[in-house]
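Thanks for making time this morning.

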Amino acid sequence: MFNIIHRPDWFIPERQVTPETAFLNRRYFLKQMGMAGAGLLSMPLISCSKQTTNETTVTVAAQDSKPAASIASAGNYPYPRNPEFNPGWPLTNEKVAGTYNNFYEFSTTKDRVHQLVDKFVTAPWPVEIGGLVEKPMTLDVQELIATMPMEERVYRFRCVEAWAMIVPWTGFPLSKLIEKVSPKPEAKFVRWQTFNRPEQAPGWARLVQQGYPLPYTEGLRLDEAMNPLTLVVTGIYGKPLPKQHGAPIRIIVPWKYGYKSIKSVVKIEFVTPQPATLWETLAPKEYPFESNVNPAVPHPRWSQATERMIDSGDRVKTQPYSGYGSYVAKLYAK
Ligand code: MTE
């Protein structure tokens, strides 16, 4: 079915310089979210504008040859690149991607995350797969790497904060794992949970104080999870995932905003009702469960019409479903 090389709609970059119409009235959006007056007023919601110590630091760190935080899992990297997802675009600089991270359990400041992951132990790493399945199982990431059809894919990754990057992920289609556990007919959604080890994550306690329902959870409809684009990822740039990118295993859902792509997953559960997810619980109007990339629907703080490439700074037009409509639009046909 997918033996044709698709040229996504955003293949030709549009170097638009339309300024982002960021909506910065904090009181307004807190009110919209019903949070004004609650203890969540000081909560650092996903935000791009002030989340590096400063942009110069990012660039300096990017040029620095400090290695990315230590690597957790072995494997036969690099794995062959799937030609269907090898569009030939320039990749985002590896060090820029590895020093500009959203991983709130460590820090809400993007260029601090990679400096704060040392205590995070990512091996061994059993992943529990259960809930409404015929064959529940617990497998270590190493067993998954050894037994699943590993490949590399170049995907666009788009954050709700209106930044984007183009990176080669290594992993396998989630559908292959789903087939292995045989979901029961009642299973309608998949729910993921991140690690729960506050002592290894320096940002954790503050998040809890601010009302974040940790550990981080996310989810998809079962048909979204089965879509061939949904990847279980263990590597990036031909190497095991560095901790700041979600070692040793994460999910990548390229047609949805980045917060759906949960990092450092320990549990995959098949359920009937739509599961609660961290961001939707905090602010359902801003971060709804579905969260498909859609340039026509602005976020209260960020126009989604364009996106900034994190290394070049180029601003390009956002495409519906981040350009993956030919794979996924059918899932949402009314
Ligand atoms: N997963 C966990 N556990 N914690 C997080 O804070 N942030 C999300 C997502 N997954 C997050 C997470 C958000 S908002 C984004 S944009 C991406 O991870 C960032 O992935 P990257 O740092 O590899 O670019």
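I will begin with the confidence values, then turn to the cores, and finish with a few individual residues.

What you see is a predicted model, and the mean pLDDT of the chain is 84, with 78% of the residues reaching 70 or more. Among the elements, strand β9, at residues 250-252, has the highest mean pLDDT, 99, whereas helix α2, at residues 55-63, has the lowest, 28. Please be careful with two stretches: over residues 1-42 the pLDDT is below 50, although the model gives this stretch 72 contacts beyond near neighbours in sequence, and over residues 54-73 the pLDDT stays under 50 as well.

As for the overall make-up, the chain has nine helices and twelve strands, and of its 334 residues 55% count as buried. Of the contacts between residues at least 6 apart in sequence, 76% join residues that are at least 24 apart.

Now to the interior. In soluble globular proteins, nonpolar side chains tend to be buried together. Here the largest nonpolar core has 82 residues, and those with the most contacts inside it are Trp169, Trp192, Trp255, Ile268, Phe270 and Trp279. Strand β4, residues 163-173, gives the most to this core, with five residues. There is also a second, separate core of six residues, which includes Trp89, Val154, Ala164 and Met309. Coming back to Trp255, its contacts beyond four places in sequence include Glu224, Asn292, Tyr321 and Tyr332.

That brings me to Tyr321, which lies in the loop between β12 and α9 and has a positive phi of about 55 degrees although it is not a glycine. Because its relative accessibility is 18%, Tyr321 counts as buried. Ser264, in the loop between β9 and β10, likewise has a positive phi, of about 45 degrees, and at 0% relative accessibility Ser264 counts as buried.

Which buried glutamate has no salt bridge? It is Glu105, for which the nearest side chain of opposite charge, Lys263, is 7.5 Å away. Glu105 sits in the loop between α3 and β1, and its contacts beyond four places in sequence include Thr194, Phe195, Trp204 and Tyr216.

Finally, the peptide bond from Leu214 to Pro215 is cis, with omega near -5 degrees, and Pro215 lies in the loop between α6 and β6. The bond from Tyr77 to Pro78 is cis too, with Pro78 in the loop between α2 and α3.

Note on methods: Residues are numbered from 1 along each chain as its sequence is written. This is a predicted model: local features need pLDDT of at least 70, side-chain atom pairs count only at pLDDT 80 or more; totals for chains, interfaces and linings use all residues. Side-chain values use heavy atoms; hydrogens and water are left out. Helices (H or I, at least four residues) and strands (E, at least two) are DSSP runs, numbered from the N terminus. Buried means under 20% relative accessible area, exposed over 50%, partly exposed in between (1.4 Å probe, protein chains only). Contact means heavy atoms within 4.5 Å. A nonpolar core is a set of buried Ala, Val, Leu, Ile, Met, Phe, Trp, Tyr and Cys residues joined through side-chain atoms within 4.5 Å. Lys and Arg count as positive and Asp and Glu as negative; His and the chain ends are not counted. A salt bridge is a side-chain nitrogen of Lys or Arg within 4 Å of a carboxyl oxygen of Asp or Glu. pLDDT is the predictor's confidence in each residue, from 0 to 100.
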